[in-house]
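Please read the points below with the sequence and the model open side by side. They are numbered so that each can be checked separately.

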Amino acid sequence: MFNWFKKIASFTNQVSETKVAANQGDDYISQLEISESENFKDQGNIYLNNGQLNEAAACFRQAIARNPNYVEAHYNLGLALKDI
């Protein structure tokens, strides 16, 4: 019976380590998506300042697709769409 407990404990540790590794991967992906969304937002701002509203809106939509909670990209998309 003692061996059974050892096996369960070993399995539990392996599962915990796998979850930690998976969460670290999710964090990396999230950081990458945030970085990409900021780049799209910045490019959209350049288009917006140059009066290229359709291009700006497309960039803001790309930023939102990568980070749906990006309030500034939503706001800037609204600014671009308001004047199209």
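1. The buried residues of helix 3 are Ala 73, Asn 76, Leu 77 and Ala 80. Viewed down the axis of helix 3, these buried residues fall within an arc of 105 degrees, so they line one face of the helix; the arc is that of the directions from the helix axis to the C-beta atoms. As background, an α-helix has 3.6 residues a turn, so residues three or four places apart point the same way.

2. This is a predicted model, in which local features need pLDDT of at least 70 and side-chain atom pairs count only at pLDDT 80 or more, while totals for chains, interfaces and linings use all residues. Residues are numbered from 1 along each chain as its sequence is written, and side-chain values use heavy atoms, with hydrogens and water left out.

3. Helix 3 has 12 residues and reaches 17 Å from its first C-alpha to its last, close to the 16 Å expected at 1.5 Å a residue; the expected span is 1.5 Å times one less than the number of residues. Helices (H or I, at least four residues) and strands (E, at least two) are DSSP runs, numbered from the N terminus.

4. Which residues of helix 2 are buried? They are Leu 53, Ala 56, Ala 57, Cys 59, Phe 60, Ala 63 and Ile 64. Seen down the axis of helix 2, its buried residues stay within an arc of 165 degrees, so they line one face of the helix, whereas Asn 54 and Ala 65, on the other side of helix 2, are exposed.

5. The largest nonpolar core has nine residues, namely Ala 56, Ala 57, Phe 60, Ala 63, Ile 64, Tyr 70, Ala 73, Leu 77 and Ala 80. A nonpolar core is a set of buried Ala, Val, Leu, Ile, Met, Phe, Trp, Tyr and Cys residues joined through side-chain atoms within 4.5 Å. Helix 2 and helix 3 each supply at least two residues of this core, and helix 2 gives the most, with five residues.

6. Leaving aside neighbours within four places in sequence, Phe 60 is in contact (heavy atoms within 4.5 Å) with Lys 41, Gly 44, Asn 45, Leu 48, Ala 73, Asn 76, Leu 77 and Ala 80.

7. How many salt bridges are there? The count comes to four, a salt bridge being a side-chain nitrogen of Lys or Arg within 4 Å of a carboxyl oxygen of Asp or Glu. One of them joins Arg 66 and Glu 36, whose closest N and O atoms are 3.1 Å apart. Arg 66 lies in helix 2 (residues 53–66) and Glu 36 in helix 1 (residues 2–49), so this pair ties together parts that are 30 residues apart in sequence. Arg 66 is partly exposed, at 26% relative accessible area, and Glu 36 is also partly exposed, at 29%.

8. Salt bridges that share partners join Lys 41, Asp 42 and Glu 72 into one network. Lys 41 counts as buried, at 9% relative accessibility, whereas Asp 42 is partly exposed at 38% and Glu 72 is partly exposed at 39%.

9. Asn 67 sits in the loop between helix 2 and helix 3 and is buried, with a relative accessible area of 17%. Not counting residues up to four places away in sequence, Asn 67 touches Ile 34 and Ser 37. Ser 37 lies in helix 1 and counts as buried at 0% relative accessibility. Leaving aside neighbours within four places in sequence, Ser 37 is in contact with Ala 63, Arg 66, Asn 67 and Tyr 70.

Technical notes
Buried means under 20% relative accessible area, exposed over 50%, partly exposed in between (1.4 Å probe, protein chains only).
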